[in-house]
Amino acid sequence: MKLSEAIVYALHVANQGLTTQDLADIINLGGLHIRKDGERVTSLQVWWCVKKNPAVFTKDGGLIRTVM
């Protein structure tokens, strides 16, 4: 699945806001998103994805949440 979809899924399962590192860890442990080069998703990638999708995600006190 796309990284943005994996973030939404991880937030839904956690039922709370999460840090970018927490999201990256959940995505990697669950194999929710596989990079083309096979490397692990980083917290920086999660941050960029959140920043590029303000209609889907919001940042609140260091925690990422969905707008929906």
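Reader: Okay, where does N15 lie?

Author: N15 lies in the loop between α1 and α2, where helices (H or I, at least four residues) and strands (E, at least two) are DSSP runs, numbered from the N terminus. Residues are numbered from 1 along each chain as its sequence is written. This is a predicted model, in which local features need pLDDT of at least 70, side-chain atom pairs count only at pLDDT 80 or more, and totals for chains, interfaces and linings use all residues, while side-chain values use heavy atoms, with hydrogens and water left out.

Reader: And is N15 buried or exposed?

Author: N15 is exposed, because its relative accessible area is 68%, and the cut-offs are under 20% for buried, over 50% for exposed and partly exposed in between, with a 1.4 Å probe and protein chains only. N15 also has a positive phi of about 60°, although it is not a glycine.

Reader: Let's go inside, then. Which residues touch the most other members of the largest nonpolar core?

Author: Those are I7, L11, L23, I27 and V46, in a core of 16 residues; a nonpolar core here is a set of buried Ala, Val, Leu, Ile, Met, Phe, Trp, Tyr and Cys residues joined through side-chain atoms within 4.5 Å. The elements giving two or more residues to this core are α1 (3-14), α2 (20-30) and α3 (43-52), and the largest share, five residues, comes from α1.

Reader: What does L23 touch?

Author: Not counting residues up to four places away in sequence, L23 touches I7, A10, L11, L18, V46 and I64, where contact means heavy atoms within 4.5 Å.

Reader: How do α1 and α3 cross, and which residues meet there?

Author: The axes of α1 and α3 come within 10 Å and cross at roughly 95°, the axes being lines fitted to C-alpha atoms, for helices over the stretch in contact, with angles running from 0 to 180 degrees between N-to-C directions. That makes α1 roughly perpendicular to α3, since angles of 65 to 115 degrees count as roughly perpendicular, under 35 as roughly parallel, over 145 as roughly antiparallel and the rest as oblique. L3, S4 and I7 in α1 meet Q45, V46, C49 and V50 in α3.

Reader: What about α2 and α3, at what angle do they pack?

Author: α2 and α3 pack at an angle of about 110°, with their axes 8 Å apart, which makes α2 roughly perpendicular to α3. In this contact T20, Q21, L23, A24 and I27 in α2 meet S43, V46 and W47 in α3.

Reader: Switching topic, how many bridges join β1 to β2?

Author: Four bridges join β1 (residues 57-60) to β2 (residues 63-66), and the two strands run antiparallel; strands pair if DSSP finds at least two bridges between them. F57 stands opposite T66 in β2, and the bridge partner of T58 is R65. The two strands form a hairpin with two residues between them, and G61 in the turn has a positive phi of about 60°.

Reader: Last one, what is M1 in contact with?

Author: M1, which is found in the segment before α1, is in contact with A6, L32 and H33, leaving aside its neighbours within four places in sequence.
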